[in-house]
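Subject: Structure handover

Hello,

Here is the structure we discussed. Please look it over, then read the notes below.

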Amino acid sequence: MKKFLPVFLALVMLVSMTAVAAASEVVEILYLSSTILETPEGQYEAELIEKFNAEHPDIKVTVEGCAANDLNTKLVAMATANQLPAFVMGNETTMSALVDMDMVVPIEDLLDEEYIAGFVPANLAAYQIGDKHYGIPMFGGAQGIIYRKDVFEEKGLTEPKTWDEFVEVCKALTGDGKYGITLVGTKNSSGASRFQPIIHNFGCDEFYQDENGKWQTDIGSQKFTDALRAFTDLDVTYHVVPAGVVETGYPEAVALFTSGQASMIITGSNAIGAITTQVPELKGKLASMPNIPVERCVSMAGGFGFFVTTKDPAQQAAAVEYIKYFINTENSLNYAELTGRPPVRTEAMQSERVANMPEMAGFLKALENIWVSPTIEGYSEINDILGEAYQSVFTGQATVEEASARAGERAQAICDWANE
Amino acid sequence: MSSTRAPGVSLRRLRQHGTTAVFILPAVLTLAVLLLYPFFYGIYISFFRTNLVNKWKYVGLDNYVRAFTDPTMYASLLVTLKFTVFVVLGHFVLGIGLALLLNKEIRGRTFFRAVLVLPWLFPEVVVANLWKFIFNATSGLFNSALMAVGLLSEPMSWLGSVDYALGCVIFVCIWKGYPLVMIQILAGLQSISHDLYEAAIIDGANRRQSFRYVTLPGLRPTLIVTLILDTVWWFKHVTMIWMLTNGGPGSVTNTISIEIYKQAFEYQNQYGYSAALAVIVFLICVVIGVLQRKVLTRDE
Amino acid sequence: MTNKKNTGTYLVLSLCSLVILLPIIYMLSTSLKSISEILTAPKATLFPEQVTLEGYRNVMNKYPFFTYVKNSVYVVSVSTLVAVAFSTLAGYGFSRFRFAGRGMLLMFILITQMFPSVMLYVPYYKLLATWGLSNSHTGLILVYIANVIPFCTWMMYGFFNSISRELDEAAMIDGCGRLHTFFRIVMPLTLPGLISTTIYAFIQGWNEYMFAMIFTNSDTLRTLPVAIGQMSKSYSVYWNDLMAASTLSSLPLLVLFLFLQKYFISNMTGGAVKG
């Protein structure tokens with residue numbers, strides 16, 4: 001080992017020097033992505049990057065994968081050492097952490113006005129903080145409900161329009177070891193983000209600023225309690241949910257849906273791609289609808305964005321070049337057809353090819369009423385607060401009122417913390 | 001004469017110090033270089049409200065005050081305590097028992113050794129995934145098996161049950177961790193001389209007495225270190241609990257280390273508070289270690 | 001009498017083996033199922049309806065699996081070698097020399113294991129970045145060395161303590177130097193301990209996830225646990241791929257263990273050690 005070390009070091013130096021010499025005209029940019037690890041998204045994008053690099057000899061995009069669950073941990077470590085990649089992709093949580101660390105370039109500094117105006121407004125809204133946007137939408141989408149069209153037809157059911165109808169449909173679908181809907185009951189963002197639209201639609205604003213600019217919360221209010229009761233009753237009272245709801249994470253819920261044990265699932269449109277890739281027999285048997293309306297009918301944004309973190313203008317330009325390539329009409333439509341993740345540009349959305357994806361209809365409708373999460377410091381704790389609330393009701397540790405009160409206390413603590 | 005001897009002595013001392021340094025320093029320096037900075041960094045940020053990059057607000061002892069006035073902290077400490085006691089107990093009962101059995105001259109010994117060490121060979125990520133898959137309420141093997149033999153009439157959510165989740169997590173952690181203890185004890189048993197057993201038999205000791213007076217004292221050095229570190233490691237354990245239950249359902253398996261992890265990487269800008277909790281855990285671990293060592297060495 | 005005892009022994013060993021083997025058999029069988037069988041079967045079955053190598057093929061084709069294996073072997077071998085060497089030296093040093101601060105240093109080594117590792121990720125990363133070692137195997141090796149030294153040192157310290165000092169003294173009177181005595185006389189006697197310590201260090205590194213996840217970015221640098229961890233995706237889990245990869249990744253360890261176990265379990269040192 002020792003003998004080879006100098007040789008090895010010399011080699012490394014030689015290689016890196018030649019690399020630097022050769023690269024003097026090539027802008028190399030590093031891109032951190034979590035979808036690059038997913039199937040079928042990853043393979044598609046890896047091939048796209050290869051194609052992009054071949055078509056742009058002056059740019060070299062290198063992609064590195066990081067599991068979505070570890071993305072935040074990794075970004076923090078990288079940011080503290082000032083070693084962030086040129087750009088990353090992620091959701092609003094990723095963005096708000098990056099913005100908080102002052103590590104992300106507003107898109108107004110990267111793109112001209114005309115180009116920005118070409119985004120579907122709902123997709124862009126998710127990345128707005130103050131009067132600037134910090135993320136370039138990567139793919140759009142809103143949360144909704146995917147259901148088994150064939151099972152609905154077999155039982156003569158139609159899309160429910162009120163919460164009561166929804167409960168009836170769930171009951172009608174339950175029986176013979178099959179259940180109406182699978183809920184994600186784990187205590188994490190995956191579970192909480194599927195409960196959030198229900199509290200929104202019951203008329204509860206999780207965080208908002210009053211006229212004095214002070215943060216307030218509706219969590220713990222009567223409306224919140226009602227939403228929590230409606231949600232947990234699906235399992236506790238009506239038993240229309242498969243056993244083990246609190247240990248059902250998103251992949252488990254998808255498995256319950258694909259195996260036919262549940263006929264509905266709350267999800268983003270991307271699940272269509274994931275499901276039909278794994279179980280091709282389900283192609284053509286799926287349909288989608290927006291969330292169940294109560295006082296209002298809004299949806300969580302289901303899209304992801306690109307966040308440009310590099311301060312170097314040449315690298316910024318290169319990153320933008322790639323991002324524009326990824327979301328151009330042709331590529332984003334290909335991506336949408338493969339994965340069920342809709343395009344973010346108005347032009348692409350107007351394409352006939354979008355109209356030819358019938359299973360997307362519900363999600364596209366949901367896109368019209370997107371809920372924009374507030375940007376309060378400490379917001380990400382909401383996942384744990386909501387998770388604890390529904391889990392303690394599901395497991396019978398607390399009554400709905402007790403769980404609601406406890407969630408209210410925790411949410412108030414976040415307001416106090418942010419108001420300090 | 002003394003004046004001529006004195007330099008000789010110190011020279012010898014010096015040489016001895018040199019030799020000592022050759023043996024001790026590589027390990028100690030590696031640890032010092034790598035661990036002192038993270039350690040003080042952790043203590044330092046526990047006095048701040050910060051995002052670790054551009055926001056640093058000195059808050060004095062606020063984070064500690066918050067920790068000690070937060071009922072969540074006491075609840076999670078209690079969970080941690082239960083978790084650690086049962087896991088470590090399980091490791092040692094199984095580890096020592098199986099090591100003694102595997103030390104016997106029996107047929108098929110290699111087979112049993114190979115099988116019983118298996119859980120140790122899998123990454124924690126894999127073990128947690130595997131058991132989560134097995135315990136799954138609707139499609140898990142465990143429920144299928146129990147229902148097939150008629151012990152259970154309808155699917156049961158094990159990891160989602162207030163009564164069983166902690167037990168299941170403890171079981172999985174015992175399953176994963178006992179081989180380490182078993183192997184260390186097996187190795188320890190090898191370094192006890194046969195002569196000692198022979199001497200004990202000559203002195204008229206029966207099996208139990210020779211275990212009490214020869215085996216146990218011979219294993220003591222191994223046992224003490226393994227016990228202290230095993231306790232500390234599982235007190236701080238995150239990965240498998242996180243993957244199995246995320247600290248739920250509710251907060252049934254929310255150990256203090258899970259709380260630290262959540263505060264640092266799930267919530268926003270709580271590194272300071274998270275670090276304060278970490279310092280508290282560190283102090284508790286030190287106390288546990290010192291106590292265990294005191295108790296076990298006094299026994300001699 | 002002996003026979004009766006052995007029946008009990010076998011009973012306990014078999015029962016425990018069953019609890020260990022069942023999940024592992026299930027893992028193997030899952031690795032041999034197709035993903036659509038796993039996702040559409042209404043009930044879990046211990047054995048696959050139809051055996052397919054789909055999972056193994058996916059692991060080999062979709063991922064640079066051999067690169068992961070190579071990375072793991074390299075990082076873990078180097079870190080184990082260095083850590084065990086340092087720990088053996090230190091263990092002997094602590095056992096044989098009396099010097100000021102000895103107890104303190106021993107305690108310091110133990111205490112380094114007591115700080116929650118969640119708090120180590122960020123400062124470690126900063127430290128390695130300052131040295132230009134983030135996203136490198138060298139950085140990971142350093143961290144692994146520091147991670148296992150404490151346990152290894154204390155184990156070796158215990159093993160050296162169980163060997164009589166008279167042995168060293170006799171050797172030194174015979175004219176052997178300290179180092180010579182250490183390498184030629186004392187160390188061979190601790191072989192069982194040395195090997196079990198090595199196995200510990202190796203397994204610890206082979207299975208480590210978080211540090212490897214944070215300190216390496218490129219796919220070409222990734223180690224096995226990170227690769228496996230990333231197979232459990234957030235949108236869909238390909239259980240068959242995951243289980244196939246897990247099986248493949250633990251095979252080298254099993255072989256290593258089977259090869260090494262005879263060295264530390266055959267009572268080879270029994271007669272030589274005087275208590």
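The radius of gyration is taken over C-alpha atoms, and the globule rule is 2.2 Å times the number of residues to the power 0.38. This is a predicted model: local features need pLDDT of at least 70, side-chain atom pairs count only at pLDDT 80 or more, and totals for chains, interfaces and linings use all residues. Residues are numbered from 1 along each chain as its sequence is written, while chains are lettered from A and ligands numbered from 1 in the order in which they are written.

Chain A

For the 420 residues of chain A, a compact globule would have a radius of gyration near 22 Å; chain A has 23 Å, which agrees. Its C-alpha trace spans about 70 × 55 × 55 Å along the principal axes. Chain A holds 19 helices and 15 strands (DSSP runs, numbered from the N terminus: helices are H or I with at least four residues, strands are E with at least two). Of the 420 residues, 55% are buried (20 or more other C-beta atoms within 10 Å of the residue's own, with C-beta atoms placed from the backbone). Take the contacts in chain A with a separation of 6 or more: 74% join residues 24 or more positions apart. A contact means C-beta atoms, placed from the backbone, within 7 Å.

Chain B

Chain B has 13 helices and 2 strands. Its radius of gyration is 25 Å, well over the 19 Å that the globule rule gives for 300 residues, so chain B is more spread out than a compact globule. The C-alpha trace of chain B spans about 85 × 65 × 30 Å along its principal axes. Buried residues are 52% of the 300.

Confidence in chain B

The mean pLDDT of chain B is 87, and 95% of the residues score at least 70 (pLDDT is the predictor's confidence in each residue, from 0 to 100). Helix α1 (residues 2–45) of chain B is lowest, at a mean of 78; helix α3 (residues 71–102) of chain B is highest, at 94. Where pLDDT is low, the predicted coordinates should not be read in detail.

Chain A against chain C

This contact takes 27 residues from chain A and 25 residues from chain C. On the chain A side, β2 (59–65), α3 (68–80), α11 (250–258) and α12 (271–278) each supply at least two residues. α3(A) gives the most, with 8 residues.

Best wishes

Methods. Contact = placed C-beta atoms within 7 Å. Buried ≥ 20, exposed ≤ 12 C-beta atoms within 10 Å, placed from the backbone.
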